[in-house]
Amino acid sequence: MDANLAAALATPFTLDANPGRAAATFPDLAGSLDVAAMDAAQAVISGWSGYVPTPLHDLPEIADHLGVGQVVYKDEAARFGLGSFKALGGAYAVAALARQIEAQGGSTAELTVATATDGNHGRSVAWGAARAGCAAKIYIHAHVSQAREDAMAAFGAEVIRIDGNYEASLAACKQDAAAHGWQIVSDTSWPGYHEVPLTVMAGYTVMSREILAQLGGVPSHAMLPVGVGGLAAGIIAPLWQAAGSSLGHMIAVESHMSACMRDSLVAGTPTLVDITEETLMAGLSCGEVSDLAWDILKPTVSHCVTIGDEAVAPLMRWFHHRTDAIEAGECSTSGLAALLAMHADGAAWEQLEMTPDSVVLLVGTEGATDPDFYRRTVGIA
Ligand SMILES: Cc1ncc(COP(=O)(O)O)c(C=O)c1O
């Protein structure tokens, strides 16, 4: 077996079933990710210049190793040239705000959008602000790399670095936005703040609808990287709408260092995690679930897996050096790492009810969003 894949087999993991999973039909509730919100996002985003569905790659060597029917990898590395699926969310929310202002006879030049980010969401907001002709203030925490900061500044955003973790950057963003009348464009929601993050998640559903079209059906298993849960909710909503109460195994994947979804699902209520150590999978480093995402994930997630960083570098190398090379950034390794580790542990694999007919979806949420780290890790100049 390939040495990089072999390294990933030994990744320590935890696996929990979601006690709150309740097989039900898609609720299609207004104010949540309803069909109207998904249709609107698809209509707008598919009309943007440069829109093309991102590739869904087959990984036959992984399917053979696991003894399942098919493993597919949704590859977001090239989404609108921004390097991650986040291009679909923040920029769409900024565009929606700009449309509202114009509909009221105002100018987008009066609008200032603000957000806290680990890098990718901020890049989308900065890009969206540049497209809409408004100002952007982007708050980052102490561990966000210089390359990620530079990418946001390149779109003309003002980037403000906070001494602390993601939650500290969000607190500073909220405080300054309230003081200056800026519009927060967050990818996470909290009580009383739903409209914008709902738009962000609606943008993500475009990716899930692409997957349904590319696959010609609903996967039996999906490995879903989770930070605040917006991505997972955005993927699940269209799958749930399509599959109804026969929705398959939706598996949340988090870092041990920021397992807020696992802790929340096991407790049955949103539960805060104080992040004391940062995972290499920067996009997953969030300590609090989005309450909008929570409403979708609580009844639909079947299992929660947590992993460490052991497989990040080996799997980035494996994706890069396979015959059909794939540019997979740090977060994009999480689903495959969890799958390989659980397969190597027979008991975990049994819990997932994999069969030779299973179709497993992996979500490659980012490409080389930190190009220096990517090059060093995969071993290219
Ligand atoms: C590359 C990447 N993958 C996954 C996630 C997780 O998405 P969410 O926070 O919506 O759960 C993020 C979030 O920043 C990300 O940047």
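What percentage of the 381 residues of the protein chain count as buried? The answer is 60%, where buried means under 20% relative accessible area, exposed means over 50%, and partly exposed lies in between (1.4 Å probe, protein chains only). This is a predicted model, in which local features need pLDDT of at least 70 and side-chain atom pairs count only at pLDDT 80 or more, while totals for chains, interfaces and linings use all residues. Residues are numbered from 1 along each chain as its sequence is written, and side-chain values use heavy atoms, with hydrogens and water left out.

**The chain as a whole**

- The protein chain contains 15 helices and 11 strands; helices (H or I, at least four residues) and strands (E, at least two) are DSSP runs, numbered from the N terminus.
- The C-alpha trace spans about 60 × 50 × 40 Å along its principal axes.
- The radius of gyration of the protein chain is 19 Å, which agrees with the value near 21 Å for a compact globule, because that is what 381 residues would give. The radius is taken over C-alpha atoms, and the globule rule is 2.2 Å times the number of residues to the power 0.38.
- Among contacts with a separation of 6 or more, 74% are made by residues 24 or more positions apart; contact means heavy atoms within 4.5 Å.
- The accessible surface comes to about 13700 Å², and 51% of it belongs to carbon and sulfur atoms. Such areas come from the Shrake-Rupley method with a 1.4 Å probe, and for residues only the protein chains shown count as cover.

- Strands of a sheet pair through backbone hydrogen bonds, either parallel or antiparallel. Here, two strands pair if DSSP finds at least two bridges between them.
- Strands β4 (residues 112-117) and β5 (residues 135-140) run parallel and are joined by six bridges. T112 has A135 in β5 as its bridge partner, and T115 stands opposite I138 in β5.
- Strand β5 is mostly covered, with five of its six residues buried.

**Strand β3 and its partners**

- Five of the six residues of β3 are buried, so this strand is largely enclosed by the rest of the structure.
- β3 pairs with strand β2 (residues 56-58) in the antiparallel sense over three bridges. Across this pairing, D58 stands opposite V72 in β3.
- β3 is also joined by six bridges to strand β11 (residues 359-364), and these two run parallel. The bridge partner of Y73 in β11 is L362.

- Helix α12 (residues 312-321) is mostly covered, since seven of its 10 residues are buried. These are V312, P314, L315, M316, W318, F319 and H320.
- The cover over these buried residues includes α1 (3-9), α3 (60-66), β3 (70-75), α13 (334-344) and α15 (371-378).
- S332 lies in the loop between α12 and α13. S332 counts as buried because its relative accessible area is 3%.
- Leaving aside neighbours within four places in sequence, S332 is in contact with Y73, F319, V363, G364, T365 and E366. A polar atom of the S332 side chain lies 2.6 Å from the backbone oxygen of E366.

- The buried residues of helix α10 (residues 260-267) are C260, M261, R262, S264 and L265. They pack against β1 (13-17), β9 (249-255), α11 (291-300) and β10 (301-307).
- G268 follows α10 and has a positive phi, near 80°.
- D372 has its place in helix α15 and counts as partly exposed, because its relative accessibility is 40%.
- The side chains of D372 and R375 are joined by a polar contact of 2.8 Å. A polar contact is a pair of N or O atoms within 3.5 Å; within protein, one must be able to donate a hydrogen and the other to accept it, and residues adjacent in sequence count only if both atoms are side-chain atoms.
- D372 and A338 are 34 residues apart along the chain, and their C-alpha atoms are separated by 25 Å.
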